[in-house]
Amino acid sequence: MEAFNAGTLAGTGSFHCAECGFAVTLHERDEMPACPECGSKSFRRASLFDHNTIEQRHVDSEQPLWLADARGALVAEGDYLAYEDENRVNVSPLQDGWTRIGRSMSAHLRFDDPTVSRRHALVYRGEGGARILDDRSLNGVFKNGEAVEIAELEDGDELAIGRYKIYFISLTGRDARAPERVSGAAG
């Protein structure tokens, strides 16, 4: 994530202090101020809809209860993205190659929400694992509470895309289980 220093022209958007998390919003010709809270001169792009400070993001990293159930229901080896939307848990398997995440109708993982950019993020899955890339989103992509432009994904990582928390699940051969057989079936 690109850092901006006080006195530079950063453009329109929401920014937070890299030291204390204080948020400021700038118009296109505003110069980046020093932080009114702590005096720091270093800022990063932030989500206008995210009211958490940097410290709160780390505290909130506890995984939700539904995630263990979703992981337990998976039977096939592979990589998945799991999230909750309107009290419904969704688990999407990742195919090799690119997966588009955004508000666009062409996104593989589509979120019809103003906190999500049309082209928000890309996940690439290949032989070497999976990576997430910020696709020039307005509100950024956060991995485990830290803003990232590109990052390797590991099992259990939490991704913040707009107001959504998405969890990366990677099942290897030892984690995957065979589907349960129905007892009493004719054999």
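Helices (H or I, at least four residues) and strands (E, at least two) are DSSP runs, numbered from the N terminus. With that in hand, welcome to the tour: the protein chain has two helices and 15 strands.

This is a predicted model, in which local features need pLDDT of at least 70 and side-chain atom pairs count only at pLDDT 80 or more, while totals for chains, interfaces and linings use all residues. Residues are numbered from 1 along each chain as its sequence is written, and side-chain values use heavy atoms, with hydrogens and water left out.

**Stop 1: the whole chain**

Show everything first. The accessible surface of the protein chain is about 11200 Å², and 47% of that belongs to carbon and sulfur atoms; such areas come from the Shrake-Rupley method with a 1.4 Å probe, and for residues only the protein chains shown count as cover. Of the 187 residues, 42% count as buried. Buried means under 20% relative accessible area, exposed means over 50%, and partly exposed lies in between (1.4 Å probe, protein chains only).

**Stop 2**

Next, colour the open sheet of six strands, whose order is 6-5-15-14-11-12 with antiparallel pairing. Two strands count as paired if DSSP finds at least two bridges between them. Strand 6 (88-93) and strand 12 (146-148) are the edges, each pairing on one side only. On average, neighbouring strands of this sheet are turned by 30 degrees against each other, direction ignored.

Now select residues 164-171, which make up strand 15. Seven of its eight residues are buried, so strand 15 is largely enclosed by the rest of the structure.

Moving on to strand 11 (141-143), you will find three antiparallel bridges to strand 14, with K143 and L159 as bridge partners.

Axes are lines fitted to C-alpha atoms, for helices over the stretch in contact, and angles run from 0 to 180 degrees between N-to-C directions.

**Stop 2: the nonpolar cores**

Show side chains for L81, I101, F111, I132, I161 and I166: these have the most contacts inside the largest nonpolar core, which has 20 residues. Strand 15 gives the most to this core, with three residues. A nonpolar core is a set of buried Ala, Val, Leu, Ile, Met, Phe, Trp, Tyr and Cys residues joined through side-chain atoms within 4.5 Å.

Centre on I161. Leaving aside neighbours within four places in sequence, I161 is in contact (heavy atoms within 4.5 Å) with I101, V116, H120, A121, I132, V141 and I166. Then pick L67, L74, Y167 and I169, which are among the nine residues of a second, separate core.

**Stop 3: the salt bridges**

- Select R163 and D113, whose side chains meet at 2.8 Å, N to O. R163 is in the loop between strand 14 and strand 15 and D113 in the loop between strand 8 (109-110) and strand 9, so the pair ties together parts that are 50 residues apart in sequence. D113 counts as buried, at 9% relative accessibility.
- Select D135 and R119, with closest N and O atoms 3.1 Å apart. D135 is buried, with a relative accessible area of 11%, whereas R119 counts as partly exposed at 48%.
- Select K165 and E158, which meet at 4.0 Å, N to O. K165 is partly exposed at 36% relative accessibility, and E158 is buried at 7%.
- Finish with D79, D96 and R125, which are linked in a network of salt bridges.
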